Amino acid sequence: MNQSSEKIKVIKLLLLGVFLLTNTVIYSKEKYRDKRISVEIVSAAPKLELGKDNLFAVKIVLSKGWHIYWKNPGDAGEPTILEITTNLPNQSIIEPEYPIPLYKNTSGIITLEYRNTVYFPFSITIPENFNKDTLEIKLNAKWLVCRQVCIPGKTVVTKRIPLKSRISSNTDFLKMTPTIPRDSILAAIKFFDSYADLTINKEFESQIQKVFFFPLTEGVFDLETNPDFTLNGSKLLIHLPLLRYLWGDKSNIEGILELTFLNNEKKYYNVKVVE
Amino acid sequence: MKKLCYLLIIFFASASFLVGQEAKIDETAPDFTLPDLNGMDVVLSDYFGKIIVLEWINFDCPYVQKHYESKNIPQMQEKYTKQGVVWMSICSSAPGKQGYFATGEIRKRIQQYNAKMTFYLIDSEGTVGKKYGAKTTPHFFIIDKNGKLIYAGAVDDKASTDIEDIKTARNYVVEVLDALLSGKNSPVKVSKPYGCSVKYK
């Protein structure tokens with residue numbers, strides 16, 4: 001009798017241990033992974049520095065053939081939403097930078113996608129007087145991952161980095177910076193029935209071969225054809241076709257301008273339309 | 001005789017224009033003919049004079065499944081077809097692509113969801129889908145009694161696959177149909193379509 005109650009006690013303790021262990025693992029999940037996608041936070045530096053910008057990135061790896069979408073997914077799909085919070089005092093939500101997406105035209109349906117491995121960089125400045133032992137970075141991520149079929153997904157991953165210890169670093173994402181626009185330019189826009197003229201006043205060093213506009217504003221522009229453009233001195237005029245069923249906000253146009261120069265070099269600019 | 005020839009030319013030219021034209025809001029909905037599940041041709045213009053709903057469908061798309069598993073769309077189909085609305089569910093998936101099924105499987109799905117569309121039409125070449133600019137499943141187009149396209153967009157404003165969102169969503173299709181049935185103007189003409197891409201060939 002005593003022996004069997006002892007056994008039950010041991011089993012109960014084991015079960016409790018397993019429960020605590022699994023729940024601790026869920027609570028401290030550093031990486032999300034399924035057969036289509038993995039999501040984690042990586043650090044560029046092996047050690048955190050107080051009072052300085054520490055560079056990180058959300059690393060998303062997609063299995064072969066699978067893709068997720070840019071902030072403006074295009075004609076179908078859903079935006080990938082990435083929101084970062086930390087245990088720093090007075091820290092608001094951080095949105096990482098989104099690199100330029102891939103342009104896909106599938107039988108006339110245009111989508112702006114990410115495939116393979118993609119990094120979304122962000123930086124965090126830790127105050128000199130930060131009084132905790134660990135920096136906690138929490139990512140809330142939501143996506144739609146598609147191949148032949150589309151599957152929505154979401155996760156919360158948390159990276160806990162002790163301030164005084166060395167951590168594994170990943171500098172791969174620093175190579176991606178050319179696909180993240182750094183310069184911003186203002187533009188003017190004039191809407192007509194089926195197109196809009198976007199005007200930019202800027203001198204460019206090289207001759208432009210091709211222009212593409214990735215609109216952050218959804219539901220306004222038809223991306224099926226490459227826009228025509230004319231360059232008159234420092235005035236770049238881009239002729240953007242509009243969607244047949246325009247539902248977006250024409251009064252708030254933002255996007256990323258991709259310029260391909262004659263030497264095939266590409267340059268990206270954040271574009272904000274002003275009245 | 002010469003006059004008759006001119007008239008015939010004008011008639012055929014305008015008819016082919018109507019057949020070949022792209023759908024646009026506030027313009028006459030371009031005509032089409034598509035086979036239904038029984039192989040019978042359904043001609044859109046035969047139903048002009050009634051309110052018509054065109055719903056792009058793909059039973060394997062999670063966004064479509066959200067509205068069918070929750071009975072949201074089947075209940076709308078039942079409610080409005082009882083009031084004389086003609087509901088055409090159109091599948092533009094190409095053979096071999098997601099959402100393209102043999103007719104037996106389509107019948108099974110319709111029964112499973114207790115769907116009440118007037119017609120399930122097969123557009124495997126995608127010509128009607130492209131004419132209307134259908135991009136996603138679901139994607140809705142509503143034609144008024146004058147044959148004019150008066151709405152293009154989503155079923156509602158919650159672009160998710162979560163069934164719970166239906167309760168708090170603004171249902172555009174219901175708003176447009178209720179307005180039309182009570183002789184009012186459509187409160188919304190376009191909205192953001194959401195869902196899977198149409199699997200054209």
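Colleague: What percentage of the 201 residues in chain B do buried residues make up?
Modeller: In this predicted model, 41% of the 201 residues in chain B are buried.

Colleague: And how many helices and strands are there in chain B?
Modeller: Chain B has 7 helices and 9 strands. Its radius of gyration is 17 Å, close to the 17 Å given by the globule rule for 201 residues, so chain B is as compact as a globular protein of that length.

Colleague: What does the C-alpha trace of chain B span along its principal axes?
Modeller: The C-alpha trace of chain B spans about 65 × 40 × 30 Å along those axes.

Colleague: Let us turn to one helix. Which residues of α2 of chain B are buried?
Modeller: Helix α2(B) covers residues 62-69, and its buried residues are B:Tyr63, B:Val64, B:Lys66, B:His67 and B:Tyr68.

Colleague: Which residue with a positive phi follows α2(B)?
Modeller: That residue is B:Lys71, with a phi near 70 degrees.

Colleague: A new topic: how many residues of chain A are in contact with chain B?
Modeller: On the chain A side there are 19, in contact with 25 residues of chain B. Strands β7 (109-115) and β10 (150-162) of chain A each supply at least two residues of that side. The largest share, 3 residues, comes from β10(A).

Colleague: How do the residues of that side divide into nonpolar, polar and charged?
Modeller: On the side of chain A that touches chain B, 9 residues are nonpolar, 6 are polar and 4 are charged.

Key. Residues are numbered from 1 along each chain as its sequence is written. Chains are lettered from A and ligands numbered from 1 in the order in which they are written. This is a predicted model: local features need pLDDT of at least 70, side-chain atom pairs count only at pLDDT 80 or more; totals for chains, interfaces and linings use all residues. Two residues are in contact if their C-beta atoms, placed from the backbone, lie within 7 Å. Helices (H or I, at least four residues) and strands (E, at least two) are DSSP runs, numbered from the N terminus. Ala, Val, Leu, Ile, Met, Phe, Trp, Tyr, Cys and Pro count as nonpolar, Asp, Glu, Lys and Arg as charged, and the others, Gly among them, as polar. A residue is buried if 20 or more other C-beta atoms lie within 10 Å of its own, exposed if 12 or fewer, and partly exposed in between; C-beta atoms are placed from the backbone. The radius of gyration is taken over C-alpha atoms; the globule rule is 2.2 Å times the number of residues to the power 0.38.
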